[in-house]
Amino acid sequence: MRKMARKGRTCPVVIVTQFESFGEADESVSYDQLKAQCELEFPQLFRGMAHYHATSNAWEAELDHLIGGGQ
């Protein structure tokens, strides 16, 4: 999203991930921390995050909501 912002791209971004944390050791951030960081740093680009889980379809509903299918 940094490159997109730098190049003036305006396409909305939705992150779908199965990870609960990102990075390693002392530089690790949680799903919620990354979401908050993206909301703060990229308010024009970042639409949201969906947490994928193979045994649940709740992520599908969240993704549908984020891309506007629930409107």
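Rings of Phe, Tyr and Trp (its six-membered ring) pair if their centres lie within 6.5 Å, and planes over 60 degrees apart make a pair edge-to-face. A search of the whole structure, which is a predicted model, finds two aromatic pairs. The protein has three helices and four strands, and 20% of its 71 residues count as buried.

**Overall layout**

- Along the sequence, the elements of the protein follow the pattern α-β-β-β-α-β-α.
- The C-alpha trace spans about 40 × 35 × 15 Å along the principal axes of the protein.

**Aromatic pairs**

- A pair of aromatic rings is described by the distance of the centres and the angle of the planes.
- Phe-19 is exposed, its relative accessible area being 55%.
- In another pair, the rings of Tyr-52 and Trp-59 have centres 4.9 Å apart and planes at 70°, so this pair is also edge-to-face.
- Tyr-52 is partly exposed at 29% relative accessibility.
- Trp-59 has a relative accessible area of 18% and is buried, because buried means under 20%.

**Charged side chains**

- Side chains of opposite charge can pair when their charged atoms come close.
- The count for this structure comes to one salt bridge.
- The salt bridge joins Arg-2 and Glu-41, with 2.8 Å between the closest N and O atoms.
- Arg-2 belongs to helix α1 and Glu-41 to helix α2 (residues 31-41), so the pair ties together parts that lie 39 residues apart in sequence.
- Glu-41 counts as partly exposed, with 34% relative accessibility.
- Lys-3, Arg-6, Lys-7 and Arg-9 form a positive surface patch.
- Lys-7 is exposed, at 59% relative accessibility.

**Backbone at Ala-25**

- Most residues other than glycine have a negative phi.
- Ala-25 has a phi near 50°, a positive value in a residue other than glycine.
- The loop between β2 (21-22) and β3 (29-30) holds Ala-25.
- Ala-25 counts as exposed, with 71% relative accessibility.

**Sequence separation and distance in space**

- His-51 is part of strand β4 (residues 46-51).
- With 30% relative accessibility, His-51 counts as partly exposed.
- His-51 and Leu-63 are twelve residues apart in sequence, and their C-alpha atoms are 8.9 Å apart in space.
- Leu-45 is placed in the loop between α2 and β4.
- Leu-45 is buried, with a relative accessible area of 6%.
- From Leu-45 to Ser-56 the separation is eleven residues in sequence and 27 Å in space, C-alpha to C-alpha.

Conventions:
Residues are numbered from 1 along each chain as its sequence is written. This is a predicted model: local features need pLDDT of at least 70, side-chain atom pairs count only at pLDDT 80 or more; totals for chains, interfaces and linings use all residues. Side-chain values use heavy atoms; hydrogens and water are left out. Patches are made of residues with over 30% relative accessible area and no salt bridge: like charges are joined within 9 Å, nonpolar side chains (Val, Leu, Ile, Met, Phe, Trp, Tyr) within 5 Å. Accessible areas come from the Shrake-Rupley method with a 1.4 Å probe; for residues, only the protein chains shown count as cover. A salt bridge is a side-chain nitrogen of Lys or Arg within 4 Å of a carboxyl oxygen of Asp or Glu. Lys and Arg count as positive and Asp and Glu as negative; His and the chain ends are not counted. The place of a charge is taken as NZ of Lys, CZ of Arg, CG of Asp or CD of Glu. Buried means under 20% relative accessible area, exposed over 50%, partly exposed in between (1.4 Å probe, protein chains only). Rings of Phe, Tyr and Trp (its six-membered ring) pair if their centres lie within 6.5 Å; planes under 30 degrees apart count as stacked, over 60 as edge-to-face and the rest as tilted. Helices (H or I, at least four residues) and strands (E, at least two) are DSSP runs, numbered from the N terminus.
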